[in-house]
Amino acid sequence: MSPRPTAEASALLAALCLACGSEVKQPIAYDHRLHVGKLELACDLCHETSSGGEVAGLPPLSTCATCHQEANGPSPEEKKVVEAVQASREIPWARLYELPRHVYFTHRRHVAVARIACERCHGEMRQQTRPPPAALRSLGMNDCLECHRERGASRECATCHR
Amino acid sequence: MSVRAEEQLFPAPFDEPERAPALAPGGEGREPEDEALLRPVLHTTWRFWAIGAVLGAVALWGANAYLVQFRWGLGVTGLNRPNYWGIYITNFVFFIGISHAGTLISAILRIARAEWRRSITRSAEVITVLVIFFGIGNILIDMGRPDRLLNVLRHGRFQSPLLWDVVSVSTYLTGSTIYLFLPLIPDIAILRDRTAGIRHRLYRLLALGWRGTPRQHRILEVLISIMAVVVIPIAVSVHTVVSFVFAMTIQPMWHSAIFGPYFVVGAIFSGIAALILAMAVIRSVYGLHDYLREIHFNYLGVLLLIMSLLWSYFTFGEYLVTFYGSEPVHMAVWWSKIAGPFAPAFWTMVACCLVVPFVVLCNRRTRTVKGTVLASVTVIIGMWLERWTIVVPSLSSPRLPGAAASYFPTWVEWSIFAGCVAAFTLLYMVFTKVFPIVSIWEIREGREAAVLQVVERVRSYLPPGAAEGRAP
Amino acid sequence: MTSSRRDFLKTVSGAAAAAGCAPLLSCRARAAARAKRAEPPPKGSPESWIVSTCGACPGGCGIRARLVAGRLVGIAGNPLHPVNRGGLCPLGLAGAHALYHPDRVRGPLVRSGAGGSGELRPATWDEALALVTGRLRDLRERGLSHTVALVDGTRGLSRQVAARFLASYGSPHHLGGRPWNDLGPSAPLRAMQGVETAAVHDVENAAFILAFGSGWLEGAASPVGAARAYGIARRGRRSGRVRVVHVEPRLSTSAARADEWIPIVPGTEGTLALGLMHMVLREGLESREFIEEWSSGFEPLRAIVLRDFDPETVSERTGVPVATIIRVARHFASTRPAVAIGDARNGPGAQSPATAIAIHALNAVVGAIHARGGVLVPPEPPLDPLPAAPADEVAARGRSFPAISAPDRAGGDLSALQAWLEGGGAHPVYLLMSYGSDPIAALGGGERVRAALRRVPFLVSFASFLDETARHADVVLPDHVYLERWQDDPTCTPRGFPVLGLRRPVLAPRHDTRHAAEVLAQLARGVGGPAGEGFPWRDFVDVVRLSVRGLHRSGRGALFDVPDAEAWVVTMETNGWRASAFGSFDEFWDGLKARGGWWDPLYDFGERGRVLRTPSRRFEFAPLAGALEEHAPRGKAALMAAAAVPASYPLRLHLYPLLAAFGDSQGPLPWVQDVLGREIGESWSTWVELAPSDAAALRIEEGARVKVESAWGSVEARARIYPGVRPGVAAMSMGPGGAEGGTCRRALVAQAGALAALAPGRAGSARADTWVRVRRA
Amino acid sequence: MFERKASPRWGMVIDLDRCTACQGCVTACQAENNVPPPTAEGAAQGRSIRWMDLVPNVEGEYPRVKARLLPRPCMHCDNPPCIKVCPVGATTKGEDGIVIQVHARCIGCRYCTNACPYTLRYFNWYEPAWPEELGLALNPDVSVRPKGVVEKCTFCHHRLQKARDRARAEGRELEAGEYVPACAEACPTQAIAFGDLDDPSSEVAALARSTRVFRLLEDLGTEPKVFYLREG
């Protein structure tokens with residue numbers, strides 16, 4: 001047991017810190033603009049549970065494998081994908097968004113029920129040619145509350161905190 | 001208490017005539033007279049360091065105990081369910097109560113123009129300012145999440161009596177500090193002129209350019225008067241809202257309408273006792289027998305006696321009313337104090353707060369320095385026990401069965417308590433080393449102007465006829 | 001308060017000596033004792049539910065296990081299971097802690113120290129199995145196969161596998177070692193009805209319940225089943241609220257829930273039952289129909305009861321006022337249906353068989369046998385039997401030796417085993433296996449019991465937790481816990497409907513453990529000969545599948561379903577149709593897995609032959625009359641003499657069960673431990689309850705440390721003054737047994753030890769006549 | 001967006017005539033809500049956390065002794081004394097009447113625990129800890145509380161949210177019985193009924209109108225939403 005006064009100390013920090021910490025490095029420089037912008041793939045094609053689940057989810061290798069059995073172009077990044085697919089090695093995608101432990105959020109409620117566009121919280125991911133090292137939009141409790149106020153959703157503490 | 005009542009109550013002269021200083025304005029020759037007041041600031045003996053080291057060690061021990069608690073949680077205390085509050089909250093109420101020593105008493109005496117106040121106000125005000133920190137500190141110590149202190153400001157809810165405390169106590173602290181500082185300015189200026197080096201620079205800064213001009217004096221007097229008036233309602237509010245923390249719940253023997261005045265009376269009571277004790281110590285340690293005289297103790301002793309009776313009246317009322325109400329839940333707490341596990345604390349409290357002070361103080365022959373000090377010591381102990389028997393028994397007898405556990409503080413809690421007392425004493429000592437503990441300029445002012453003023457004032461009380469006609 | 005003050009003084013004096021870091025050090029020690037902070041599985045992890053059967057106690061409740069990210073994160077009741085219908089007791093709900101318990105045996109253990117030293121070292125399965133197989137083979141080759149005994153706490157197919165093993169191996173010693181609330185053959189049913197099954201009481205339909213002895217709710221064979229039936233009888237049926245009268249020396253939870261509590265002298269419940277019978281007969285309230293048409297041998301009993309058990313005598317003996325006896329008797333006999341419930345427990349503190357028979361006879365006198373709202377005999381589910389076990393001449397010879405068993409004794413086989421080992425046996429026991437049982441704890445533990453077990457040179461345990469027997473074992477072959485294994489769980493509902501619950505693993509085994517039945521098969525194959533041939537199955541699931549084919553073929557009953565479906569099944573079956581179309585066997589099997597089991601919600605009150613299997617095909621009163629006749633020459637005098645108080649031990653010891661203290665198959669679970677004696681506010685300690693008047697006379701204060709002493713030993717306990725204890729009685733709760741030590745183990749265990757110390761090896765008779773004295777420690 | 005009818009008023013009715021005091025509810029609650037396993041030391045100090053507790057009350061003298069054993073969750077008062085005193089708004093009452101503790105905001109002053117006349121709020125005296133692997137059984141729907149904060153029964157509010165999410169995602173209203181706290185679900189005798197007190201057709205509303213009904217410390221005016229049905 002370690003004393004964690006500073007770690008969980010701060011309602012201050014924790015509430016504000018949806019995407020804090022150091023830079024997130026992805027194993028492969030995935031191009032959202034190419035996939036989402038140009039090829040017009042839907043977000044939930046890769047982030048499978050983003051409409052109905054609790055977390056959006058990161059794509060399993062099988063999802064990549066549907067297109068990347070063989071190289072579609074010369075990109076060195078794609079080569080890594082193809083190698084992974086051929087070796088049946090899962091790609092260790094890193095999570096960008098980490099909720100504090102006491103915050104409970106479900107995509108189901110926000111995407112399936114409230115039909116909020118992904119951009120509202122995640123910013124213009126479709127414009128990104130490289131994986132961003134941090135969340136495009138850093139969300140805090142006030143951002144949640146603002147949206148809840150706008151949409152007349154519940155602003156009771158227990159809606160998100162347990 | 002009106003001015004008149006005050007003076008009738010204390011028929012003795014302000015000072016024995018043969019010792020009365022000359023009325024001439026102060027000059028070179030007078031300096032040595034008040035040198036005794038500057039001596040503690042300018043000269044320090046090894047005894048100071050020795051006592052300071054001991055107190056410092058105890059304070060550090062207390063700090064260490066708090067670190068233990070901070071690291072592991074409040075589990076290191078003896079608290080439990082249902083005894084969620086214990087010694088820390090007792091200390092909080094107790095220390096805030098002690099803080100009424102200074103500002104309130106000094107302000108009342110100032111407004112009442114009780115001339116004998118001049119040598120005691122400073123020492124009283126210092127108690128206030130310093131002890132408030134420990135009052136607030138005990139609340140912080142009691143918090144499960146001291147790291148979330150700022151939540152009180154960010155998310156404060158005014159429906160909670162605890163917020164009233166926060167506002168009231170912080171206002172009181174600010175007011176008291178100003179009220180302590182204002183009368184210090186002329187004395188700082190004296191020190192500024194007597195010191196060199198870093199101390200000189202400090203005093204120069206704090207003296208705010210005081211030169212003692214009549215205009216400055218006038219402004220200072222006005223400010224002090226304003227603060228004296230302002231600080232009284234704040235002080236009353238402080239202990240009222242402290243009592244409201246308890247009274248606003250529906251816990252048996254907390255939920256009481258007289259808690260506000262009861263707590264205020266208790267606070268002044270314990271405050272006077274603390275002041276007497278502090279004066280006695282200063283007087284003997286720094287040899288200020290000429291400034292803190294028998295008469296001061298005598299007068300404060302009478303005040304203490306009055307407060308003791310007032311406090312007893314409230315206590316009697318509180319317990320009698322509960323007894324006649326005979327609500328089972330209240331009676332459970334009542335009995336636990338009268339004849340249950342809290343009976344030792346309760347009856348010691350009665351002995352300390354009523355029996356001893358009454359016997360000692362109502363007799364003029366025992367109302368000496370020693371007598372008042374003895375009474376003060378018991379009152380301080382008794383008032384701590386009073387806070388204890390208010391905070392703990394109500395929690396120990398919850399309404400629903402199944403949550404009964406007894407509470408006794410652990411070494412951590414006792415250590416922190418000891419640390420608080422030691423740190424307070426140490427800070428008080430340090431204060432006496434930095435500033436004169438008896439107001440020099442007020443003493444001088446008293447010598448120079450007050451006697452004439454008083455003569456004038458006393459004359460104004462009397463019917464004009466005969467006296468007017470036969471002027472000397 | 002005193003202790004904390006003492007701590008304070010201790011700390012202050014210590015602190016005065018030490019430097020400023022002392023308190024930090026003392027806390028660090030505390031930290032080492034405390035465990036780490038834990039986090040739930042990551043949010044958004046997929047979740048699944050698996051239906052299985054609880055195995056924390058023999059109650060046989062259906063459970064649903066919630067799995068998230070490969071972790072068992074919750075257990076809930078199976079709402080389809082007819083025994084519990086979604087409800088669960090603390091033990092079942094804390095099941096995940098049994099799975100993740102720090103005290104589990106994580107792999108095979110082999111003794112490293114001297115015999116009985118309890119020193120064990122980890123071993124491989126190969127090594128441990130070779131050790132046991134070698135011994136078994138050696139004994140068999142030397143013609144000593146009959147010196148092997150197996151104590152068996154299981155039921156259903158696990159029990160059959162053990163029986164098969166012994167049959168082929170050649171030993172007659174298949175001993176019952178049931179946990180003390182298990183449904184086992186009931187003594188009165190055996191004696192008076194000639195039936196070798198458990199009796200169940202149709203609480204759900206009873207209008208009047210007269211409960212004798214301790215805790216029929218918390219000590220029931222299926223606590224959840226009994227509680228559910230109680231709830232229905234109180235408020236869940238149209239026919240009105242049941243009235244409950246509870247007879248016990250202590251105001252137990254059951255007594256507190258009853259409409260009337262009759263405090264009685266411990267061990268005299270049988271006398272009271274006969275006193276009530278006396279009043280019933282004297283007032284002509286007996287069921288003539290049952291007595292004349294269904295029973296035989298009543299007249300001698302009538303004569304004895306009318307002669308010896310008049311209310312005055314009974315009142316003097318039992319301490320129950322005459323007026324109460326008359327009133328309760330009238331109420332009991334004139335309310336229909338009414339049922340008297342005895343104490344179903346076995347083992348230490350259980351009711352004596354004579355008492356159980358007297359209570360059963362009282363039921364018979366008012367016709368509450370095999371009748372709605374009375375005592376029922378549940379039918380067996382139509383399972384396929386396993387093929388006959390192969391045997392050779394060695395096996396046959398071994399089996400011809402006389403068996404260590406005494407099925408009609410209250411302590412059952414275990415006390416017979418103890419007597420056997422203590423020198424009463426025809427031949428020594430060279431190898432003892434404890435299988436689903438902890439014989440040392442079940443016998444009450446204590447030095448005498450341990451010494452008896454130490455006479456067995458080779459002890460094998462299949463325990464999942466290091467229980468008392470395992471500690472003394474030579475080899476421990478750890479079983480899975482119930483959440484990790486396949487098993488059948490035959491049981492019944494309080495209305496007498498047969499139930500077959502299916503237990504299946506909710507998670508892969510966490511440690512290097514093996515299914516005990518499969519290990520037995522492995523041992524058999526290792527021994528070779530017919531024993532090896534007797535187990536052609538790959539694993540235990542195959543055995544279960546083989547057996548439940550019978551259910552499928554019979555077409556009777558139904559898979560578990562919502563309560564509303566019950567009426568449909570009943571309608572169909574009473575009209576002679578198959579209620580359920582099971583489809584193919586695989587479909588049936590999948591249904592069993594998905595729903596949790598099979599049951600048959602029909603109790604045929606017509607089939608008298610099934611429940612009365614005595615030679616006369618009638619209910620026999622003779623066993624009771626015979627037992628009473630033995631005392632007859634002395635008559636009343638004999639009854640009165642037993643009530644004399646031994647001068648040096650003035651208090652009677654009353655042992656009562658706590659629901660949460662069941663389940664001797666697992667380590668104590670902290671949550672369960674914490675709710676143990678909630679009604680008196682004690683949980684982690686050993687305590688003894690005294691009546692205020694006794695405590696005052698002994699000058700014992702509430703919470704004082706006391707010594708409870710009997711002629712056999714003494715134990716330390718905390719005194720609790722409880723107005724709900726009959727004066728002259730010292731009441732102690734029954735712990736589940738087990739050994740000391742371990743992460744979560746505490747005084748609970750000491751409680752079991754208390755019994756051992758006070759009444760060593762006196763299982764079954766401890767309650768009636770253990771006299772103690774209590775004094776300040 | 002979220003068109004709503006009048007909010008339900010969740011309440012509980014505990015039928016003491018059915019209850020056998022088995023304490024299944026107590027353990028069900030502890031397992032569901034990640035209550036740290038109690039220890040002997042903690043129990044001796046009166047620090048065990050039981051959001052749902054069995055409150056024993058023994059009255060009278062032998063042989064006329066009556067023992068009443070009351071399962072006691074949070075009363076979820078309509079007029080909760082705890083909320084009034086919280087200095088930081090860490091305890092709130094939702095529209096549906098459930099009184100909730102926000103562990104992330106609580107400063108641990110324990111004013112609410114003292115203001116509650118039922119003493120049913122609990123405090124984390126230490127960092128909660130699980131011996132070795134026991135922590136694997138933690139429920140992901142409920143956060144593990146840090147040391148130094150107050151916690152209490154939430155009527156398993158997380159279950160309400162899950163049920164409501166499911167219903168919304170399927171485009172329907174929440175059905176009766178879809179949201180039940182762990183204690184009510186586990187009760188072997190179905191002594192604990194749970195539902196919308198404002199819905200006249202609900203079981204709880206019907207039971208709450210029973211002549212057997214009483215509430216704990218009713219005279220304090222806290223308006224508890226937990227009702228008891230007395231025996232007999």
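A salt bridge here is a side-chain nitrogen of Lys or Arg within 4 Å of a carboxyl oxygen of Asp or Glu. In this predicted model, Arg66(C) and Asp141(D) form one such pair through their side chains, with N to O at 2.9 Å. That pair belongs to a set of 10 salt bridges counted between chain C and chain D.

Chain C brings 69 residues to it and chain D brings 67 residues. Together the two chains bury about 5,700 Å², and carbon and sulfur atoms account for 56% of that area.

Several elements of chain C each supply at least two residues to the side facing chain D, among them strand E2 (62–68), strand E3 (71–77), helix H9 (253–257) and helix H29 (670–674). The largest share, seven residues, comes from H8(C). Sorted by class, this side of chain C holds 36 nonpolar, 22 charged and 11 polar residues.

The chain averages a pLDDT of 83, and 84% of its residues score at least 70. Residues 637–641 of chain C, though, have a pLDDT below 50, and this stretch makes six contacts in the model beyond near neighbours in sequence. Residues 760–767 of chain C also stay under 50, yet the model gives them 34 contacts beyond four places in sequence. Where pLDDT is low, the predicted coordinates are not to be read in detail.

Chain D also meets chain B, through 45 residues from chain B and 46 residues from chain D. About 3,600 Å² is buried between these two, 56% of it on carbon and sulfur atoms. In chain B, the residues that lose the most area to chain D are Arg81(B), Tyr84(B) and Leu400(B), together 21% of what that side buries. The count here is one salt bridge, and the side chains of Asp142(B) and Arg110(D) meet in a salt bridge at 2.6 Å, N to O. By class, the chain B side divides into 24 nonpolar, 14 polar and seven charged residues.

Notes:
Residues are numbered from 1 along each chain as its sequence is written. Chains are lettered from A and ligands numbered from 1 in the order in which they are written. This is a predicted model: local features need pLDDT of at least 70, side-chain atom pairs count only at pLDDT 80 or more; totals for chains, interfaces and linings use all residues. Side-chain values use heavy atoms; hydrogens and water are left out. Contact means heavy atoms within 4.5 Å. Buried area is the accessible area (1.4 Å probe) that two parts lose on being put together, summed over both. Helices (H or I, at least four residues) and strands (E, at least two) are DSSP runs, numbered from the N terminus. Ala, Val, Leu, Ile, Met, Phe, Trp, Tyr, Cys and Pro count as nonpolar, Asp, Glu, Lys and Arg as charged, and the others, Gly among them, as polar. pLDDT is the predictor's confidence in each residue, from 0 to 100.
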